[in-house]
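The sequence and the structure are shown first.

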Amino acid sequence: MNKDKIWLSSPHMGGTEQKFVNEAFEQNWVAPLGPNVNGFENDVEKYLFSESSKEGAVAALSSGTAALHLALVMLGVKSGDEVLCQSMTFAASANPIAYLGATPVFVDSEEETLNLCPKHLKRAIEDRIAKGKKPKAIIAVHLYGMPYQVDKINKIASEFDIPVVEDAAEALGSTYKGEKCGTFSEYAILSFNGNKIITTSGGGALITKTPAAKEKAVFLATQARDTAPHYQHSEIGYNYRLSNISAGIGRGQMQVIDKRVRARREMHDFYVDLFSEIEGVKVHSAPNNDFFSNHWLSVVSIDKEKTGGVSREDLRLHLEALNIESRPLWKPMHLQPVFRNAAFYGDGIAENLFENGLCLPSGSNLSQEQKERIKNGILSCLKEYK
């Protein structure tokens, strides 16, 4: 095999990142604070809130996982508490619950968005309350960039007075009813990992409703050092701040975010067109115009009864042999060995999506030649099994 690998989602530099990084070196701001950190936070705040009636603040952190952990800390989640969490997601959505000694309770997906099912969410809340354990928070995920059912989830959360932590790690640039994902709850999180729609190589952000909440989060993220000439600590803190170097990369990336969203959505359209006349393959798309996905990853479900026997795994292995990366959907958290004892509320939607779903190459930097390789690889697999 001599062709370069086609990755699922690789970093895509815009060209100005180096300028901000060089400035950091020239000014000796090689630390978890500095002009790039402040500038990056402002850039993200403007992107999320400048065209909205909402207000909010952004704290740049070392990862999306750190941001989620801090959100739960800020909500007062402690050992022995229960936190409801979408089951179909990456482990980083659930792990911070365990960091705090709390217990995750997993909830199934619904088919329209692949995200948290309102029906099962309400049933889970009612059952946990009946068992004498009102959940402390709800973690809802905009999976693969598709917004979850924001109105329905927030209505249920409000009815039971349970705060929502909005996991928008994969959804920067996505909107629901014209409002940016990351702005629908008291706390939301973003990820800037290397495979995300924009990257700081590693990094994340906590989005808060007020500057005061951001200030508290930054305090906790910088080891919770009290105001004193010496090192004094009245609370447990964390080393979670983003470096000025990484933030410089983020500043350059924010200058091309709209281009990156357009390119990802064009890849989704590429797959819609490719599979338009192929029976048994569904490209997951927005259920209606309220949902605008950045399509961080393009997702298909494969019904092998209709594809002549071609399964998700057949297609994945076929593409792998052609040096084209694809990946099954997230294995639901309630099926993970580490969470085998956790409660689960659902009817098998997430399990079915995992068994039959595949994420296809979705990068914003895929060339026309690479797209042709992907297309030919997919079609050759389907024809081979006919």
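By class, the lining of the largest cavity comprises 6 nonpolar, 5 polar and 1 charged residues. The model is a predicted one, and the values below are computed from it.

## Cavities and pockets

The largest cavity is lined by Glu112, Thr113, Leu114, Leu143, Tyr144, Met146, His284, Ser285, Ser293, His295, Leu297 and Val299. Around the second largest cavity, the lining residues are Phe49, Glu55, Gly182, Thr183, Phe184, Ser185, Ile207, Thr208 and Lys209.

| Space | Volume | Lining residues by class |
|---|---|---|
| Largest cavity | about 100 Å³ | 6 nonpolar, 5 polar, 1 charged |
| Second largest cavity | about 30 Å³ | 3 nonpolar, 4 polar, 2 charged |
| Largest pocket | about 310 Å³ | 7 nonpolar, 11 polar, 4 charged |
| Second largest pocket | about 180 Å³ | 3 nonpolar, 4 polar, 3 charged |

In the largest pocket, 22 residues form the lining, and those nearest the centre are Phe90, Ala92, Ala169, Ser191 and Lys196. At least two lining residues come from each of helix α3 (64–74) and strand β8 (187–191). Helix α3 provides the largest share of this lining, with 3 residues.

The second largest pocket has a lining made up of Glu111, Lys282, His284, Ser301, Ile302, Asp303, Ile349, Asn352, Leu353 and Asn356. Two or more of these residues are given by each of β12 (298–302) and α11 (349–356). Helix α11 gives the most to the lining, namely 4 residues. His284 is named in the lining of the largest cavity and also in that of the second largest pocket.

Which elements cover the buried residues of α8? The cover includes α1 (17–26), α2 and α9 (257–274). Helix α8 is largely enclosed by the rest of the structure because 10 of its 11 residues are buried. These buried residues are Asn244, Ile245, Ser246, Ala247, Gly248, Ile249, Gly250, Gly252, Gln253 and Met254.

The axes of α2 (residues 35–49) and α8 (residues 244–254) come within 8 Å of each other and cross at roughly 35°. The crossing of α2 past α8 is left-handed. On the α2 side, the contact is made by Pro35, Asn36, Val37, Gly39, Phe40, Asp43, Val44 and Tyr47. On the α8 side, the residues taking part are Asn244, Ala247, Gly248, Gly250, Arg251 and Met254. Taken together, the residues of this contact divide into 7 nonpolar, 5 polar and 2 charged.

## Individual loop residues

Two residues other than glycine, Asp161 and His295, have positive phi values. For Asp161, phi is about 55°. Asp161 is located in the loop between α6 (150–160) and β5 (164–167). For His295, phi is near 50°. His295 belongs to the loop between β11 (291–292) and β12.

Is each of these residues buried or exposed? Asp161 has a relative accessible area of 61%, which is over the 50% cut-off, so Asp161 is exposed. His295 has a relative accessible area of 6%, which is under the 20% cut-off, so His295 is buried. His295 is also one of the residues lining the largest cavity.

Ser234 is placed in the loop between α7 (211–221) and α8. With a relative accessible area of 60%, Ser234 is exposed. Leaving aside neighbours within four places in sequence, the contacts of Ser234 are with Ala224 and Asp226. The C-alpha atoms of Ser234 and Ala224 are 7.5 Å apart in space, while the two residues are 10 residues apart in sequence.

Technical notes:
Residues numbered from 1 in each chain as written. Predicted model: local features only at pLDDT ≥ 70, side-chain atom pairs only at ≥ 80, totals over all residues. Heavy atoms only, no water. Axes fitted to C-alpha atoms, helices over the stretch in contact; angles between N-to-C directions. Left-handed = near helix turned anticlockwise from the far one by under 90°. Contact = heavy atoms within 4.5 Å. Nonpolar A, V, L, I, M, F, W, Y, C, P; charged D, E, K, R; others polar. 1 Å grid on protein atoms, 1.4 Å probe; cavity = no way out; pocket = protein on both sides within 12 Å on 5 of 7 lines; lining within 4 Å. Points joined across faces, edges and corners; volume = space filled by probe spheres on them. Buried < 20%, exposed > 50% of the residue type's maximum accessible area, 1.4 Å probe, protein only.
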